[in-house]
Amino acid sequence: MTKTQKSKDNLIQNPKSKIQNRKVVILSGNNAVANALRQVDPHVYPGYPITPSTKIMETVAEFIANGKMQCEMVAVESEHSAMSAAVGAAAGGARVASATAANGLAFMWEVLYIASGSHLPIVLAIGNRALSAPINGFADHGESMGSRDAGWIQFYSESVQEAYDNIIQAFRIGEDSRVRLPVMVCLDGFLLTHTSENITMQGDDEVTDFVGPYHAEFSLLDPDKPVSHGLSDPPSYYMEHKMRQQAGMEKAREVIEEVGAEYGKRFGRPYGLVDPYCMDDAETAIIILGSEAGRVKGVVDKMREAGKKVGALRLRTVRPFPDEQIVRQLLGLKAVAIMDRSYAPGAVGAPMFQEVRSALYDYRDSAPPIVNRIYGLGGRELRNADVRNIFAELDALADGDATVPVIQMVGLRGEPAPTWEEMRPLETPIAVAAKRGK
Amino acid sequence: MPNEQLTFASKQAEPLAGGHSLCAGCAASIIVRQVIMATEDPVVVANATGCLEVCTGIYPTTSWNVSWIHNAFANAGATLSGVESAYRALRKRGEIPEREIKFVAFGGDGGTYDIGLQSLSGAMERGHDMVYVCYDNGAYMNTGVQRSSATPLGAHTTTSPAGTLMTIGKSEIRKDMTAIAEAHGIPYIAQSSPGYYMDLMYKAKRAFQTKGAAFLNVMSPCPLGWSTEPADTLVLARLAVDTCVWPLFEIAEGEFSLTYLPLEKKPVIEWLQPQGRFRHIFKNNDEGLIDRIQADVDRDWQKLLDRAGDAIPDIAGPVRF
Amino acid sequence: MEKVIERMMEVRWHSRAGQGAVTAAETLAATALREGKHVQAFPEFGPERMGAPLRAFNRISPRPIRIHGVVEEANVVIVVDSSLLGAVPVDANVAPDGVILSNTTKSVAEVRRILTLNGQKLACLDATQIAVDCFGMQKPNTPMLGAIARVTGLVALDTLLVEVEEIFSKKFPPKVVEGNIKAVQRAYQEVSYE
């Protein structure tokens, strides 16, 4: 057994740490999020269950019932009320967390904007799932992408470990006085929520110490200092308040980096806004976010073994959008594909494609040609072969092949899917090529 | 005895400052002041979107001398249940002083009967220690008088207009929100009117003293939506009670009491006639509609009398202070 | 028998909902974790209907596992419910050097006639009978784990016994714990394969 014990210790990434109470455990994404919440122990958890994030609420309820959390659960009658109660509780000076997915997040929509516009640092876990119709219970970034302009900071987790780590960091980031904004921590439905993996769980005290106590600035619950929350803004003030939100978002860039670096220093797992993989000498690369980044990295490894100079760039945050970090990684490449697990009907490409392309505009003379590959909607399986095909297309694109479609869904049944260009009668291949600056 | 209550109220701090922008003759601010002054404890107010909210809190000013939160239209119940949960959570951990705070929500009939019903229902079912007050002016007045499910039969609104083809105005009866609240089995439910302010303050006081959720449904005359004279607001508030259009009663721990018996039950026409929103009824000489409204009122009032049974007050007027 | 896993191994379980295959997959993962390996365990995604055919998956690797999602090609297929042989394609998408391990009363030769194999190993075990003999319940999962240790080397028998003892001690009286340990040992000895 000594041999076994020794190799187990190797899993702990910071063996020099004196703190002994961290441990390697097997947890599903939902369970890991619930355990992070147990360790942070927010004051209030208003919640409404929805697949695939139900287990988060169930596990928190179980922790409370067994005396492992002091948190007050408010088991409301809808997601709209969950976010409404979250706003009420946060305005009352409480640290607040909840979880939802898909239609549940859509039902919260109205109040998401109120949470961010009121600068309430609520933490919300999202078990990413496709929006209806057709009703579908599987992984898709449609709901969180749809809310990307709701004023929330957004993290997309690659693994169960990162979902756990992101929840802990989310409190620090959202509550930072330079930021004061709510935070969504996204983890792919089933692919992470229901997958059990080995993760390093920090000790309860370590987490408590890292997150620190919470002091709300303007609480409703100090009768000696009455405050008014949620006043109506005349046109003469509204834009200034939006500017303040923007200032918080911009500051969040450095706060996310700071907190990610400190997390790394303390626990051995550092984080930034983006996660470049084999990008230093890459000629072509795929940009992706969420759990399928792992698959792309695996394909990159295999292709590297065969001598191909390929790379992957994972976006950890979507809000704030890490435009500078992306541009820095992409300049000098020969071709890039942006893989979106969501799409925007009628728009020119899916959300991340639009934003990456926009970020590259100022560098258009040296920017690589980029294409958009939409995958995995409603839980459609992505296969290694799909990723290899995309890299092959990037090779062709790098060689000047103007027939490589710009925007296309991958992994559809039957015949290859028509490209966006083919579905648009007025768009000729020449016009497409011209748009690419060829 | 009423004087004691008055004396008490006169010593209370003013929760809502003057200078707000509610219409002249609006009953909502009267209701708010009377309700909050009925408790000595500090209060936190949640406000559904509506007239009261939009006229008392316009950045960078506020009329509220007590802590106040406005979240959205549909969620006053859930919002206040969040604040109340924060209070319990922070007190439990000793992060705020051990000090009694009362929680009260104000919503119009739109925020209570209609868009906010689900949120309110959830909050009542969960039994948060809070008072929910509906100021019921019978339509969406803030946005220019559109019908709600609290709009009475025959009332003209901009979305139930009395036209040349459809002459009746609103063709459906109002929803009985007080009965819906009662169906939640909460410990205190009452219907009241600012026209009988002692009744209102008595009920507000009981509601605040209740452990758990309490619901007050208070009729709130609206000169704008009802097309009435601002000076007549409290006259109309009393007329609604004396015609038995808006009876006053309470249900405390399941025990029903009529708290007001009109000296003389006035015909409903006296309530309809001063209000411009019913003008078309008289212009069209629609006696059938008046008879129907009277019949509805008579039937509902008789139900309440039957329910009160032997406990019908033997003297007319306010009976319980 | 000591085998060393040098690459990521992917396991596919075939069972019926309610038979505890997901728990068995998690036990296998926990055992591998005990040996310092990186692990994944997950059910087939979607709603569960009692008795319906269900799949569960494991990934076990000496290095961190980055890939997520359904196993494309399994190295190890485990059939917990023998009625699934021939009913669902347990022999599809198995690596050429992979192995199929089935709970069945049939012999290896008989099962071979039901399945279409392309060089994969086949192992059979009457796990339900062992379970009934050892702890009096028709729960083949524990003996299946013993057979997995023998046939695949994904985990060592010693580690598995420690894990099973720990898990079962939390929920069951000593007699049941002993029975399960015995079942693992017997399965390890009795599994036949070629």
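This is a predicted model: local features need pLDDT of at least 70, side-chain atom pairs count only at pLDDT 80 or more; totals for chains, interfaces and linings use all residues.
Figure 1. Residues are numbered from 1 along each chain as its sequence is written, chains are lettered from A and ligands numbered from 1 in the order in which they are written, and side-chain values use heavy atoms, with hydrogens and water left out.

**Figure 2. Helix α13 of chain A and its buried face.** The buried residues of α13(A) are A:D386, A:V387, A:I390, A:F391, A:L394 and A:L397. Viewed down the helix axis, these residues fall within an arc of 140°, so they line one face of α13(A); the arc is that of the directions from the helix axis to the C-beta atoms. They pack against β11 (284-288), α10 (293-305), β12 (310-315), β14 (335-340) and β15 (370-374) of chain A (contact means heavy atoms within 4.5 Å). The 15 residues of α13(A), 384-398, should span 21 Å at 1.5 Å a residue, and the end C-alpha atoms are 21 Å apart, which agrees; the expected span is 1.5 Å times one less than the number of residues. After the helix comes A:G400, with a positive phi near 90°.

**Figure 3. Aromatic pairs in chains A and B.** The whole structure holds 16 aromatic pairs over all chains (rings of Phe, Tyr and Trp, the last by its six-membered ring, pair if their centres lie within 6.5 Å; planes under 30 degrees apart count as stacked, over 60 as edge-to-face and the rest as tilted). A:Y343 and A:W420 form an edge-to-face pair, 6.5 Å centre to centre with 85° between the planes. A:Y343 lies in the loop between β14 and α12 (351-360) of chain A and A:W420 in helix α14 (residues 420-423) of chain A, so the pair ties together parts that are 77 residues apart in sequence. A:Y343 is partly exposed at 39% relative accessible area, whereas A:W420 counts as buried at 17%. In chain B, the ring centres of B:W64 and B:W68 are 5.8 Å apart and the planes lie at 20°, so this pair is stacked. Both B:W64 and B:W68 are buried.

**Figure 4. Charged groups over rings in chain A.** The charged end of A:R364 sits over the ring of A:Y361, 4.1 Å from the ring centre. For A:R38 over the ring of A:F63, the distance is 5.5 Å. A charge sits over a ring if NZ of Lys or CZ of Arg is within 6 Å of the ring centre and within 35 degrees of the ring normal.

**Figure 5. The two domains of chain A.** Domain 1 covers 14-267 and domain 2 covers 274-435, with bounds from an automatic or database domain assignment. Their C-alpha centres lie 29 Å apart. The contact takes 28 residues from domain 1 and 28 residues from domain 2.

Technical notes. Helices (H or I, at least four residues) and strands (E, at least two) are DSSP runs, numbered from the N terminus. Buried means under 20% relative accessible area, exposed over 50%, partly exposed in between (1.4 Å probe, protein chains only).
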